[in-house]
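Good morning, and thank you for joining this meeting. I shall present one structure and go through how its parts are arranged.

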Amino acid sequence: MFCKNCGNRLNPGEVFCSKCGARVEDGSSQNSTTEGYPVQDSKAGKNNTMAILSIVFGVLGFFVAGLICGILAICMSVSAKNHIKSFPEEKGENLATIGLIIGIIDVVVIVLYTIFA
Ligand SMILES: [Zn+2]
């Protein structure tokens, strides 16, 4: 790239032009915004962590501490859904729904078990 001030050829990574001393405009940082795009893309394709956790806790609830895990699963899926509402580029709403359903099943099973056992 070249200095915008004097046209001197600049070495990559130079912050100031070696010829005129002008601060190098972010011609190369413009390129680094393209570097930023894949990051944003991977973020956009990323499943919401809370949504995944809600499923993990929901499934865990079938094996251990069903009520606690079930409630955790419900809380996390609700929080995941709220988060996804605020950040629509995040995925995982379906996962959060599954986590919610499993969490509810956990709680219902535990409650029924407590009543009838
Ligand atoms: Zn220059």
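A helix here is a DSSP run of H or I with at least four residues, and a strand is a run of E with at least two. Please note that this is a predicted model. Counted in that way, the chain holds four helices and zero strands, and its pattern along the sequence reads α-α-α-α. The chain has 117 residues, of which 27% are buried.

Let us turn to one pair of helices. Helix α2 covers residues 49-60 and helix α3 covers residues 66-86. Their axes come within 8 Å and cross at roughly 165°. Angles over 145 degrees count as roughly antiparallel, and therefore α2 is roughly antiparallel to α3. The crossing of these two helices is left-handed.

Which residues of α2 and α3 make the contact? From α2 come Met50, Ala51, Leu53, Ser54, Phe57, Gly58 and Leu60.

Now consider α3 by itself. Its 21 residues, at 1.5 Å a residue, should span 30 Å, and because the end C-alpha atoms are 30 Å apart, the two values agree. Several residues of α3 are buried, among them Gly66, Ile74, Ser77, Ala80 and Ile84. What covers the buried residues of α3? The cover includes α2 and also α4, residues 93-116.

Finally, a remark on the whole chain. Among contacts between residues at least 6 apart in sequence, 52% join residues at least 24 apart.

Conventions
Residues are numbered from 1 along each chain as its sequence is written. This is a predicted model: local features need pLDDT of at least 70, side-chain atom pairs count only at pLDDT 80 or more; totals for chains, interfaces and linings use all residues. Axes are lines fitted to C-alpha atoms, for helices over the stretch in contact, and angles run from 0 to 180 degrees between N-to-C directions. Angles under 35 degrees count as roughly parallel, over 145 as roughly antiparallel, 65 to 115 as roughly perpendicular and the rest as oblique. A crossing is left-handed if the near helix is turned anticlockwise from the far one by less than a right angle, and right-handed if clockwise. Two residues are in contact if their C-beta atoms, placed from the backbone, lie within 7 Å. The expected span of a helix is 1.5 Å times one less than its number of residues. A residue is buried if 20 or more other C-beta atoms lie within 10 Å of its own, exposed if 12 or fewer, and partly exposed in between; C-beta atoms are placed from the backbone.
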